[in-house]
Amino acid sequence: MLLTQFQTIGSSLFTCGLISGCGGNLSVRMGDRIFITRRGSNKGSLEENDIIETGIFKNDRQTPLASSELWVHRAIYQQTPASAIVHAHPPHAVALSLSETEIVPIDDEGKEKIGAVPVIGCQSQIVPGAYADKIAQAFVNIRIVMVRGHGSFAIGQILEEAFDITSTFEESCKVLCLTKSLQAKPVTE
Ligand SMILES: [Zn+2]
């Protein structure tokens with residue numbers, strides 16, 4: 001059941017162009033345990049041994065096999081009510097994150113479902129090691145956060161919800177990019 005959810009969302013992220021094959025990561029929380037994609041796994045074709053179970057608060061033998069973003073996932077579970085996390089690299093959102101400190105959707109669905117999304121990492125004073133906390137603490141009345149030049153972290157009660165937020169946000173970012181590029185063109189009579 002859990003594997004099917006990981007496979008469905010991993011495949012959707014890949015086919016929607018929100019991650020490259022081995023990019024991004026997914027996790028689900030169960031009590032004080034976290035089920036997270038294996039480091040370097042292909043999210044488009046996940047198998048049973050690609051889902052690593054480890055602690056949210058404690059390391060164990062499985063911890064080194066988990067995604068390299070485990071520390072961010074742990075910090076989010078420790079500091080928010082999230083039960084699922086999707087980390088993706090949506091290209092239009094990443095492009096906007098390079099020049100914006102906050103990404104504010106202008107399309108109706110984005111305005112309603114997403115709202116203003118903070119971009120973490122715009123200031124150089126982010127202290128190494130505090131990065132995961134900085135991302136987790138940004139989840140105040142929002143369900144998705146961007147990391148500058150890198151990607152998004154979306155939260156939900158189930159993976160499907162976090163995926164929906166991610167894809168809706170990327171759609172909003174496409175509209176923003178298109179609008180910006182249209183405005184950049186000179187108007188000719
Ligand atoms: Zn990433």
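The buried residues of helix α2 pack against β1 (25-30), β2 (33-37), β4 (84-88), α5 (131-137) and β8 (151-156). Here a residue is buried if 20 or more other C-beta atoms lie within 10 Å of its own, exposed if 12 or fewer, and partly exposed in between, with C-beta atoms placed from the backbone. Helices (H or I, at least four residues) and strands (E, at least two) are DSSP runs, numbered from the N terminus. This is a predicted model: local features need pLDDT of at least 70, side-chain atom pairs count only at pLDDT 80 or more, and totals for chains, interfaces and linings use all residues. Residues are numbered from 1 along each chain as its sequence is written.

Helix α2 covers residues 70-79, and seven of its 10 residues are buried. They are Leu70, Val72, His73, Arg74, Ala75, Ile76 and Tyr77.

Now step back to the whole chain. It has six helices and eight strands. From the N terminus, the elements run α-β-β-β-α-β-α-β-α-β-α-β-β-α. The radius of gyration of the chain is 17 Å, close to the 16 Å that the globule rule gives for 189 residues, so the chain is as compact as a globular protein of that length. That radius is taken over C-alpha atoms, and the globule rule is 2.2 Å times the number of residues to the power 0.38. Along its principal axes, the C-alpha trace spans about 65 × 35 × 25 Å. Buried residues make up 40% of the 189 residues. Two residues are in contact if their C-beta atoms, placed from the backbone, lie within 7 Å. Among contacts between residues at least 6 apart in sequence, 65% join residues at least 24 apart.

Next comes the sheet. Strands of a sheet pair through backbone hydrogen bonds, either parallel or antiparallel. Two strands count as paired if DSSP finds at least two bridges between them. Eight strands form an open sheet in the order β3-β2-β1-β4-β8-β7-β6-β5, with mixed pairing. β3 (51-55) and β5 (102-103) stand at the edges, each with a single partner strand, so one side of each is left without a neighbour in the sheet.

β5 and β6 pair in the antiparallel sense over two bridges, and Glu102 stands opposite Pro118 in β6. Strand β6 (residues 117-120) has two faces: Val117 and Val119 are covered, while Pro118 and Ile120 are uncovered. β6 and β7 pair in the parallel sense, again over two bridges. Ile120 has Val147 in β7 as its bridge partner.

Strand β7 (residues 144-147) runs antiparallel to β8, joined by four bridges. Met146 stands opposite Ser152 in β8, and Val145 stands opposite Phe153. The hairpin of these two strands has three residues between them, and Gly149 there takes a positive phi near 65°.

β8 also pairs with β4, in the antiparallel sense over five bridges. His87 has Phe153 in β8 as its bridge partner. Six of the six residues of β8 are buried, so this strand is largely enclosed by the rest of the structure.

Helices lie against the sheet. Helix α1 (residues 2-15) lies across β1, β2, β3 and β4, running at about 150° to β1. α2 packs on the sheet too, touching β1, β2, β4 and β8, and its direction makes about 145° with that of β2. Axes are lines fitted to C-alpha atoms, for helices over the stretch in contact, and angles run from 0 to 180 degrees between N-to-C directions.

In soluble globular proteins, nonpolar side chains tend to be buried together. A nonpolar core is a set of buried Ala, Val, Leu, Ile, Met, Phe, Trp, Tyr and Cys residues joined through C-beta atoms within 7 Å. The largest one here has 47 residues, of which Ile76, Val86, Ile135, Leu159 and Ala162 touch the most other members. Helix α6 (residues 159-184) gives the largest share of this core, seven residues. Ile135 touches Val72, Ala75, Ile76, Ile120, Val145, Val147 and Phe153, not counting residues up to four places away in sequence.

Asn141 is found in the loop between α5 and β7. Most residues other than glycine have a negative phi. Asn141 has a positive phi of about 60°, although it is not a glycine. Asn141 is exposed, with 6 other C-beta atoms within 10 Å.
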